[in-house]
Amino acid sequence: MKTIAALIVVTLALWQGVIWLAGMPPFLLPSPTAVAEALWLNRAEILRHAGFTLSEVVLGFLLGALLGALLAIAMGFSDRLTAVLRPILTFSQTIPVFALAPILTLWLGFGMAPKIAMTVLIVFFPVASAFLDGLTRTPQSALDLARVMGASPTRIMRHLRIPAALPQLATGLRLAAVYAPIGAVIGEWVGGARGLGALMIHANGRMKTDLVFAALLVLAVLTVVFARLVGLALARAWRRFGV
């Protein structure tokens, strides 16, 4: 805790030092006190927009995690399906997510739907990839023993492969929790009037750089808290189910 506090103090000191030494005008780089003042004066508006962003993040994360896990299980049942879909999944990650945002906004409108879809796209791949990797690394000796004992593929998947792959699934979920807010904010940047991303765009257009930094700070805190909550939930599930 002391290390974190010291890091924050050093960062703020360096920030203020850059402003003094370089003579940066406030519209380019506001001072920490100006950002704190903007955060306090606009706290109600920032909190309202943060609530919209958090809703998009949670819904997109849950839906993306569910779809990613289901696809990994489906691919785990079929080597042929894996051979077809794995290259497609890999290729999909070569397309910049930001480039898809205008298309999703055009298709889904300016509401929450395109922001949730963007979050789903970002969450989907790490969850599916990590879980599939775990499903394919079940010890061969355990698989052979289960088949000799007459277990069906479904029972092997349910009682052997999925439990063995849960650590990899947890890793994918933790990684996805960190990236999930990116999808929501990108969607808000492209089109929308609500959310921290929209607030930053509107504040930037009015040259209110202090408000942009305040919203960015809240977004960073939201991301850290959300990732932490996901980690705690996974740790609790780990202890409960003994995996």
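## A guided tour of a predicted helical model

Begin by selecting Phe61, Val123, Val127, Phe131, Leu173 and Phe226, the residues with the most contacts inside the largest nonpolar core, which has 26 residues. A nonpolar core is a set of buried Ala, Val, Leu, Ile, Met, Phe, Trp, Tyr and Cys residues joined through side-chain atoms within 4.5 Å. Buried means under 20% relative accessible area, exposed means over 50%, and partly exposed lies in between (1.4 Å probe, protein chains only).

Before continuing, please note that this is a predicted model, in which local features need pLDDT of at least 70 and side-chain atom pairs count only at pLDDT 80 or more, whereas totals for chains, interfaces and linings use all residues. Residues are numbered from 1 along each chain as its sequence is written, and side-chain values use heavy atoms, with hydrogens and water left out.

Helices (H or I, at least four residues) and strands (E, at least two) are DSSP runs, numbered from the N terminus.

Next, select Val35, Ile46, Leu199 and Leu222, which are included in a second, separate core of 15 residues.

Now return to valine 127 and display what surrounds it. Apart from neighbours within four places in sequence, valine 127 is in contact (heavy atoms within 4.5 Å) with Ala65, Gly68, Ala69, Leu169, Gly172, Leu173 and Ala176.

Leucine 121 lies in helix α6. Is leucine 121 buried or partly exposed? Leucine 121 is partly exposed, because its relative accessible area is 38%. Outside the four places on either side in sequence, its contacts are Leu100 and Leu104. Draw a distance from leucine 121 to glycine 68: the two are 53 residues apart in sequence, and their C-alpha atoms are 9.6 Å apart in space.

Move to histidine 49 in helix α3 (residues 43-77). Histidine 49 counts as buried because its relative accessibility is 4%. With neighbours within four places in sequence left aside, histidine 49 is in contact with Ala193, Arg194, Gly195, Leu196 and Leu199.

**Tryptophan 15**

Tryptophan 15 is found in helix α1. Leaving aside neighbours within four places in sequence, tryptophan 15 is in contact with Leu29, Pro30, Ser31, Pro32, Val35 and Phe213. Compare this with phenylalanine 52, which is 37 residues from tryptophan 15 in sequence and 30 Å from it in space, C-alpha to C-alpha.

**A nonpolar surface patch**

Select Val18, Met24, Phe27, Leu28 and Met207, which make a nonpolar surface patch of about 460 Å². Patches are made of residues with over 30% relative accessible area and no salt bridge; like charges are joined within 9 Å, and nonpolar side chains (Val, Leu, Ile, Met, Phe, Trp, Tyr) within 5 Å. Accessible areas come from the Shrake-Rupley method with a 1.4 Å probe; for residues, only the protein chains shown count as cover.

Methionine 24 is partly exposed, since its relative accessible area is 31%. Methionine 207 is found in the loop between α9 (196-205) and α10. Its phi is positive, about 60°, although methionine 207 is not a glycine. Most residues other than glycine have a negative phi.

**Salt bridges**

How many salt bridges are counted? The count comes to 2 salt bridges, each being a side-chain nitrogen of Lys or Arg within 4 Å of a carboxyl oxygen of Asp or Glu.

Select aspartate 133 and arginine 137, which form a salt bridge whose closest N and O atoms are 3.2 Å apart. Aspartate 133 is partly exposed at 27% relative accessibility, whereas arginine 137 is exposed at 61%.

Then select arginine 147 and aspartate 144, whose side chains meet in a salt bridge (3.7 Å, N to O). Both lie in helix α7 (residues 140-148), 3 residues apart, about one turn of the helix.

**Annotated regions**

Finally, colour residues 50-230, where UniProt places the feature "domain: ABC transmembrane type-1" (unreviewed entry). UniProt positions are given in the numbering used here, feature names are shortened, and annotations may be inferred rather than shown by experiment. Over residues 50-230 the chain is 86% helix and 0% strand.

The UniProt annotation "transmembrane region" (unreviewed entry) covers several stretches, including 57-77 and 116-135. Residues 57-77 are 100% helix, with end C-alpha atoms 30 Å apart. Residues 116-135 are 100% helix, with end C-alpha atoms 27 Å apart.
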